[in-house]
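Hi everyone, and thanks for coming along. Let me put the sequence and the structure up on the screen, and then I'll walk you through them.

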Amino acid sequence: MAEETCSASALAALLVGVGGTANATGAAQYICSQLETAALKTADVTSAVDTTFLLFSAYLVFAMQLGFAMLCAGSVRAKNTMNIMLTNVLDAAAGAIFYYLFGFAFAFGSPSNGFIGRHFFALKSIPTPNFDYSYFLFQWAFAIAAAGITSGSIAERTQFVAYLIYSSFLTGFVYPIVSHWFWSADGWAAAGRNLGDSLLFGSGVIDFAGSGVVHMVGGLAGFWGALIEGPRVGRFDHAGRMVALRGHSATLVVIGSFMLWFGWYGFNPGSFVYIAKSYGPIGSPLNGQWSAVGRTAVTTTLAGCTAALTTLFGKRLQTGHWNVVDVCNGLLGGFAAITAGCAVVEPWAAVICGFVAAWVLIGCNILAARFKFDDPLEAAQLHGGCGAWGVIFTALFAKKQYVNEAYPGRPGRPYGLLMGGGGRLLAAHVIQIVVIVGWVSATMGPLFYAMHKMGLLRISVEDEMAGLDITRHGGFAYVYEDEDSHSGTGGGGGVAFPMQTYTKNGERQPASTNPV
Amino acid sequence: MADETCSASLADLLSGISAANSNATGAAQYICSQLETSALKTADLTTAIDTTFLLFSAYLVFAMQLGFAMLCAGSVRAKNTMNIMLTNVLDAAAGAIFYYLFGFSFAFGSPSNGFIGHHFFALKSMPTVGFNYSYFLFQWAFAIAAAGITSGSIAERTQFAAYLIYSSFLTGFVYPIVSHWFWSSDGWAAAARNPGESLLFGSGVIDFAGSGVVHMVGGIAGFWGALVEGPRIGRFDHNGRQVTLRGHSATLVVLGSFMLWFGWYGFNPGSFIYIARSYGPIGSPTNGQWSAVTTSLSGCTAALTTLFGKRLQTGHWNVVDVCNGLLGGFAAITAGCSVVEPWAAIICGFVAAWVLIGLNILAARFNYDDPLEAAQLHAGCGAWGVIFTALFAKERYVDEAYPGRPKRPHGLFMGGGGRLLAAHVIQILVISGWVSATMGPLFYGMHKMGLLRISPEDEMAGLDVTRHGGAAYAYHDDDSPDNAGDGSGGGFMMKTTTMR
Amino acid sequence: MAEETCSASALAALLVGVGGTANATGAAQYICSQLETAALKTADVTSAVDTTFLLFSAYLVFAMQLGFAMLCAGSVRAKNTMNIMLTNVLDAAAGAIFYYLFGFAFAFGSPSNGFIGRHFFALKSIPTPNFDYSYFLFQWAFAIAAAGITSGSIAERTQFVAYLIYSSFLTGFVYPIVSHWFWSADGWAAAGRNLGDSLLFGSGVIDFAGSGVVHMVGGLAGFWGALIEGPRVGRFDHAGRMVALRGHSATLVVIGSFMLWFGWYGFNPGSFVYIAKSYGPIGSPLNGQWSAVGRTAVTTTLAGCTAALTTLFGKRLQTGHWNVVDVCNGLLGGFAAITAGCAVVEPWAAVICGFVAAWVLIGCNILAARFKFDDPLEAAQLHGGCGAWGVIFTALFAKKQYVNEAYPGRPGRPYGLLMGGGGRLLAAHVIQIVVIVGWVSATMGPLFYAMHKMGLLRISVEDEMAGLDITRHGGFAYVYEDEDSHSGTGGGGGVAFPMQTYTKNGERQPASTNPV
C-alpha cells in the first residue's frame with residue numbers, strides 16, 4: 001500500500017530525470033501540497049465524525065441518570081420518593097461541579113504519575129490533542145453513574161447531608177483515582193498505557209467500559225454505606241426473617257430499566273471514543289473500529305437479555321411467580337457484567353456472561369438475606385457482584401484479535417485464559433478486584449463510619465416511619481387529590497396524602513364516612 | 001479508483017514528456033498511490049459515518065420498546081400492569097436471543113432463495129460486506145417492535161406461557177420470513193433485489209421501513225390472538241353494547257406515545273442504512289433526508305384529524321385517542337416515507353386517522369376486543385400505508401432510494417402506472433395469508449390446549465396479583481405513622497383511608 | 001498552506017518546462033481531476049456528517065416535547081392532567097402543520113427583507129444548498145418548544161379552544177418573525193447577517209440558541225396569558241396570601257426535567273448546525289467546530305448544574321426543606337439562561353451564569369407572589385426571567401475568540417463587556433430584549449385580551465373546581481381501580497376512581513366494607 005504522507009523530495013527525485021531539476025521540484029511540491037490538503041481535510045472530517053459519535057454517546061450515558069432516578073424512585077416506598085429523586089438530580093448536578101473542578105484532573109490530568117493525575121483543573125488548558133471537551137462530558141457522565149449506583153444502596157434511611165458529603169467525595173476523589181489507574185494512559189494498571197511503560201503482568205487490566213472502575217466502585221461504596229447504617233426498620237422481623245418492602249411503582253422501575261438499557265448503548269460502544277479508525281488495510285468496510293463498535297452493542301444486548309431470561313425462569317422456580325422487577329434487575333446485572341469485556345469478547349461469550357451474571361445476582365441476594373444486609377435496590381449485589389464477575393469473565397474470554405485491535409501497539413499481549421491466552425490477564429484482573437475493594441473500603445468505609453459516629457448518617461426511627469419526604473422535603477411526591485378542589489377555602493396547602501374515595505362525578509367523600 | 005488505470009493513464013501522458021520511461025512510470029505510480037490512499041481514507045470515513053448513523057438509529061428504534069411498554073401499561077387496568085410490562089421487557093430480551101440464533105439468518109442469510117435465508121446463524125461468519133453488527137442490531141430492534149405490537153392486542157387476559165410461545169415464534173420465524181421476502185436482496189418481492197433478477201411486476205414492493213413488514217405482521221398476529229381469545233370480561237354488556245374499560249394512566253400513554261415518536265425517527269430515516277451516499281453529481285451539498293419530515297407531517301396530521309373527528313363523535317377532546325391517531329399516522333407513512341413528497345404525507349395522515357376511526361367502529365360492531373387497538377392501528381393503518389405508497393410514490397425519489405433500475409414503476413397518481421399498486425396488493429395478500437396461516441393455528445392450538453386464556457376468576461382479580469406476585473403500585477405502606485407499632489408488616493397496601 | 005482547489009493551468013505551467021506542452025497540460029488536467037474527485041467525495045462525506053449531527057440533534061430537541069409534557073403533567077393537579085398533556089401533544093402536531101405551511105417560510109424564507117421571510121411555503125423548492133429538510137426539522141423542534149413553554153403558564157384554567165388558537169398563532173407567526181430577526185441571514189439584528197449588510201451597532205445580537213428568541217418569547221406569551229386570565233381559584237386566600245397548589249406528581253416533574261436536560265444537548269450544541277467545519281489551520285484536531293460543539297455541551301451542563309445547586313441551598317434557607325421540584329426548576333432556569341451564550345463563553349463563565357440565574361428565578365417568584373401573578377409552572381418567571389438574564393449575560397461574558405469562530409468573516413466585531421469587548425454588544429442585546437418584549441406584547445397581549453372579552457379564554461369556576469379532565473376530556477387520567485374487577489357484572493364501565501383497600505397479601509377487601 002502507499003505511503004501515508006506525500007514526500008515532496010521523493011517525488012522530486014522521481015521527476016528529476018524527466019526534465020529540469022527546479023521545475024520538477026516545483027511540480028512535486030505542488031502535487032504534494034494538494035495531496036496534503038486533501039489528507040488534512042479528511043482528518044478534519046474524521047475529527048467531526050469522532051466527536052459526533054462521542055458526544056451522542058455521552059448524551060446517552062447521561063440519559064442513564066434519568067434511568068437511575070426512575071429505577072430508584074420506583075424501588076422505594078412512596079414516602080421516600082422525593083428524597084431519592086433529589087439525590088439523583090444532585091448526583092448529576094454536584095457531580096458536574098466537582099468533576100469539572102478537580103475530578104477530571106485527578107483522573108486524566110496527563111502527564112502524571114501512575115496514581116493520580118494533576119492537570120486540567122477546572123478544564124484549564126483544555127482542549128489538547130487528546131482531551132477535547134466532548135471527552136470531559138463523556139467521562140463526567142460516567143462519574144455520575146457511579147454516584148447514582150451508591151445512592152440506591154443507602155436509600156430510605158439516610159440523611160440528606162450525608163448524601164451530599166459522600167456524593168461529592170466519591171465523584172470528586174475516589175472514583176477519579178480509580179479511573180486514573182485503569183483508564184488513563186499514565187495509570188499503573190492500564191491496558192492502554194503509554195507505549196514506553198511496562199504493563200502490569202505484561203498485560204494491564206482490560207476493563208473496557210468499567211465493570212470494575214464504575215460498577216464495582218459504586219456498588220462497594222453502597223455496600224459500606226448500607227452495612228454501616230444497618231437495615232431499614234421493618235426489613236427483618238423479630239425472627240430475623242426477611243420482609244419484602246416493596247417499591248411503590250413497578251412502572252417506574254420498568255421506565256428506569258429501559259432508559260438504562262438505552263443509555264448503556266452509549267456507555268459500552270461509546271467507550272471506544274473514536275469510531276473512524278481503521279484496523280487496516282485501509283478502505284475495508286469490515287476492519288475498523290466501526291465494526292467493533294457495532295459488535296460491542298451486540299454483545300451488550302445479548303448479555304443483558306440472557307441475564308433477564310435466566311432471572312425470569314430462575315426466580316419463577318424460586319418464588320413461583322413471574323416478576324418484572326426481578327427481571328429488570330437481572331437485565332441490569334447482565335449489563336453490569338458485560339461492561340468490562342464488551343469490546344473484546346465474541347457474541348456467544350456474551351451469552352455465557354449474562355447467564356452466569358443472573359445466578360451471581362441471585363446468589364448474592366440469598367447471601368444478603370442470610371446476613372441481614374439490606375440494600376433497597378440490590379445495588380451492591382448487582383453492581384458490586386455482577387461487576388466483579390464481569391472482570392473475571394473478561395479475563396477468561398477475551399479474544400486475541402479483538403484485544404489487539406482495541407489495545408493496539410503491543411503484539412503478543414496476553415488474552416483470555418479459556419481462549420488460550422494464558423493466565424496473566426486473569427492475574428491482572430484479580431489484582432484489579434483486590435485493589436478496587438481495598439481502595440474503596442479504605443476511603444468510603446471510614447467516611448461512612450465517621451458520619452455514623454457523628455450522627456450525620458442515619459435519620460431517626462420516627463422520621464424513617466413517617467418517610468423522608470414529609471420530614472425533610474416538604475411533602476409527599478404524589479397528590480392525586482387536593483383539598484381546595486372542593487372546599488374552596490384554599491387552606492389545604494396540598495399536603496394531603498391520602499388517596500381519597502371518589503364518587504363518579506369526582507367529588508371526594510368525607511373522610512369520616514370511610515370505615516377503615 | 002483503481003491503481004492500475006490511474007498509473008497507466010498517467011504514465012502514458014508523462015512518457016511523452018521525457019525519454020526516461022522508467023522515471024515517468026515511477027512518478028505516475030507514486031502520485032496514483034497517494035491518490036488511492038486518499039480515496040481509501042475517505043472510504044473508511046464514509047463507513048464510520050454510516051455506522052454512526054445506523055447505530056444511533058438502532059438505539060432510537062430500541063427506545064420504541066420503552067414506548068410500547070409505557071403505552072401498553074397506561075392502556076391496561078392497574079391490576080394487569082406488571083403483566084404487560086413484563087411481556088414488553090421479554091419481547092426485547094427473548095427477541096434478542098431468538099433473533100441472534102436464527103431470526104436474522106432466516107431474514108438476511110444471503111445468498112439464499114427467495115423464500116428464506118440460510119446463513120449467519122448465531123452471527124456466524126459475520127461481519128461480511130453489507131452485513132455488519134450494526135445492521136444486525138438495527139434489524140433486531142425492528143423485530144422486537146413487531147412482537148411489541150402483538151402483545152397489546154391480547155393484553156389483560158392471556159396466560160404468560162402463551163405469551164412466551166407466540167413471541168418467540170413471531171420474532172424467530174414468522175417475522176423474519178416476511179422481512180426476507182421484501183427486504184433481503186434475495187427476496188422474491190423485494191424492490192432492491194439483486195441486479196439481474198426480475199422484480200415482481202417489474203417493480204417489486206416498496207415497503208421502505210415496514211408498514212407491511214412490521215406493522216401489518218404485528219397487527220394481524222394480534223388480530224388472530226384477540227379473536228381466538230375473545231373479548232375481556234365486561235367489555236360488552238348483555239345487550240352486546242361496548243363498555244369502555246379505561247386504561248389506568250393517561251400519563252403513561254402520553255409518555256409512551258412520545259417515546260414511540262422519538263423512536264420513529266430512527267425507524268423511518270434510519271432505514272436508509274447509509275447516509276453518506278450521493279445521488280447526484282458528487283460534491284452536491286443536498287442529499288435529501290426528507291423521510292423525517294414526511295414522518296412528522298403524517299403523524300401530526302393524523303393526530304389533528306383524530307382530535308376533531310373524535311370530538312364530533314364523542315363530544316370531548318381525548319388525549320388517548322389523539323395519541324392513537326398519531327401512531328396510526330406514523331404506521332401508515334412508514335412504507336412510503338422515503339419516496340413521497342411532504343404534501344402527500346399530509347394526505348396519508350389524514351386518511352390514516354379515518355381508517356383507524358372506521359376500524360374501531362367495525363371492531364365495536366363485531367364485538368372484537370383489542371385493549372390497545374393494536375390490530376386496527378397497526379394492521380389497518382399499515383395496510384393503508386402500503387396502498388398509499390403505491391399511489392403517491394414519486395419517480396425521482398423511487399429512483400434515488402432504489403437505484404440501478406431506471407424507468408421502474410412508481411405511484412399511480414404520480415403517473416407511474418398500476419404495476420406498483422399490483423405489487424402492493426400482492427404484498428397485503430401474502431402478508432395476511434402468511435401470518436394467518438402461521439399465527440392463527442398457533443393461537444388456536446394453544447386455545448384448545450387451554451394454554452391461552454386465563455380463568456375468569458384470575459381475570460377478575462387481575463394478572464398481577466395472581467401471577468406476578470402483587471400489584472404494580474403501592475402508594476401506601478403500613479409502617480407509616482398510623483400503624484407503625486408492629487413494624488412487621490412490611491408489605492404494601494393501597495388504602496382509601498385518610499391517615500388522620 | 002496549499003491552495004484549496006487544484007488549478008490545471010498552474011500545474012501545466014510548472015510542467016511545461018519538463019517536456020512537451022500538450023502532454024504536460026494533459027498530465028496536469030488528469031492529476032487535478034483526480035484531486036478534485038477526492039475533494040468532492042470528502043465534501044459528500046462532510047455533508048453526511050453534518051446532516052447526521054443535525055438530524056440527531058433535532059431528534060433530541062424533539063424529545064424535549066416529552067419533557068415538557070411530563071413536567072407540565074406532574075406540575076398540575078391530577079384533575080387537569082389529560083388537558084395539559086393534550087396541549088403538549090398538539091403543540092407538536094399543530095406546530096408541525098403550521099410551521100410547515102408558513103412558519104418556516106416567515107422565519108427563513110431567503111432572500112427577503114429584514115422583517116419577515118417569504119419563500120419556502122410548504123417547503124416549496126426545498127432543498128436548496130443552505131436549507132435542507134433536516135434544517136426544517138431542527139427549526140420545527142425549536143418552534144414547538146416555544147409553544148410548549150407558554151402552555152405551562154396558562155395551565156389548569158384555560159379553555160381548550162383558546163389553547164388551539166394561541167398555539168397556532170404563536171408557532172405560525174409570532175415566533176417565526178422573531179427568529180427571522182435574529183437568526184436568518186436576512187434578519188435586521190442577526191449576528192450572522194449576510195456579509196454585505198451592516199450589523200446592528202456593528203455587532204448584531206448573539207442569541208446563539210435562543211434565550212431570547214425561544215425562551216423569552218414563550219415566557220412572555222405565557223406571562224400575558226396568565227396575567228389576563230388571573231390566578232387559579234384558591235391560589236390566593238382571602239388575606240391575599242399565596243397558597244401552594246402542589247402538582248400531583250413530583251416523579252413526573254423529575255422525568256420531565258431529565259428529558260429536557262437530555263434534549264438540551266440537541267438544543268444548544270446542535271445550534272451550530274454544522275460540525276465538520278475547521279477553524280483553521282485545517283487538519284488540527286483542536287481548532288474546529290467539533291471542539292466548539294463539545295464546549296457548548298459543557299457550558300450548558302455547568303450552568304444548569306450550578307443553578308440547581310444554588311437553588312437547593314437558596315430554597316433550603318428560604319423554606320427549610322430540600323425540595324426536588326424547586327431544584328428541577330432551578331436547573332431549567334440555568335439552562336434557559338445559558339442558551340444565548342453557550343457557544344461563546346468559557347466554562348467558568350457558565351458557572352456564573354447558572355449561579356445568577358437561580359437567584360433571578362427565586363427573585364421573580366417572590367415578585368410573582370407579591371403581585372398575585374399565578375403561573376402554575378413558573379414558566380414566565382423561568383423562561384422569561386432567566387432568558388432575559390441569559391441575553392444580558394452573553395453581552396457581558398462573550399469571549400473574543402469564540403465569537404469570531406462562531407460568527408466568522410467580520411474581524412474586530414464587538415464582544416463581551418467584561419471581557420474587554422466594549423458596550424456595543426450589550427447595547428444590541430438590550431435592544432433585543434426591548435423588541436422581543438414589545439413584539440410579543442403587541443401580538444399575544446391583544447390576542448389573549450380579545451379571547452378573554454369573547455369569553456373564549458377562561459373556563460367557568462365550576463369547571464375549574466371539578467377539573468378540566470372530567471368536564472372536557474372524557475374522564476380522569478388515572479384509574480387505579482375499576483368496578484368490574486369485583487362486581488363481575490361488567491356494568492361498571494371503568495369510570496370509578498376509588499383506590500380500593502387491599503390487605504397485605506394483595507387481596508382486595510370485600511366491597512361491602514366500602515361505603516361508596
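A contact here means heavy atoms within 4.5 Å. With that in hand, look at chain A: among its contacts between residues at least 6 apart in sequence, 72% join residues at least 24 apart.

A word on where this comes from: it is a predicted model, in which local features need pLDDT of at least 70 and side-chain atom pairs count only at pLDDT 80 or more, while totals for chains, interfaces and linings use all residues. Residues are numbered from 1 along each chain as its sequence is written, chains are lettered from A and ligands numbered from 1 in the order in which they are written, and side-chain values use heavy atoms, leaving out hydrogens and water.

Let's stay with chain A for a moment. It has 16 helices and 0 strands; both are DSSP runs numbered from the N terminus, helices being H or I with at least four residues and strands E with at least two. Of its 516 residues, 69% are buried. Buried means under 20% relative accessible area, exposed means over 50%, and partly exposed is in between, with a 1.4 Å probe and protein chains only.

Now please turn to chain C and find helix 6, residues 211-229. How far apart are its end C-alpha atoms? They are 25 Å apart, which agrees with the 27 Å that its 19 residues should span at 1.5 Å a residue. That expected span is 1.5 Å times one less than the number of residues. Because 16 of those 19 residues are buried, helix 6 of chain C is largely enclosed by the rest of the structure. Just after this helix, Gly230(C) takes a positive phi of about 85°.

On to the aromatic rings. Over all chains, a search of the whole structure finds 153 aromatic pairs. Rings of Phe, Tyr and Trp (its six-membered ring) pair if their centres lie within 6.5 Å; planes under 30 degrees apart count as stacked, over 60 as edge-to-face, and the rest as tilted. One of these pairs is Phe104(A) with Phe108(A), a tilted one at 5.6 Å centre to centre and 40° between the planes. Both residues lie in helix 3 of chain A, 4 residues apart, or about one turn of the helix. Both Phe104(A) and Phe108(A) are buried.

In chain C, Phe104(C) pairs edge-to-face with Tyr135(C), at 6.3 Å centre to centre and 70° between the planes. This pair links distant parts of the chain, with Phe104(C) in helix 3 and Tyr135(C) in helix 4, 31 residues apart. Phe104(C) and Tyr135(C) are both buried.

Last topic: charges. The search finds 31 salt bridges over all chains, each being a side-chain nitrogen of Lys or Arg within 4 Å of a carboxyl oxygen of Asp or Glu. In chain B, Glu156(B) bridges to Arg232(B), with the closest N and O atoms 2.3 Å apart. These partners sit in two loops, 76 residues apart, and both Glu156(B) and Arg232(B) are buried.

Also in chain B, Glu459(B) forms a salt bridge with Arg453(B), the closest N and O atoms being 3.0 Å apart. Are the two partners buried or exposed? Glu459(B) is buried at 3% relative accessible area, whereas Arg453(B) is partly exposed at 21%.
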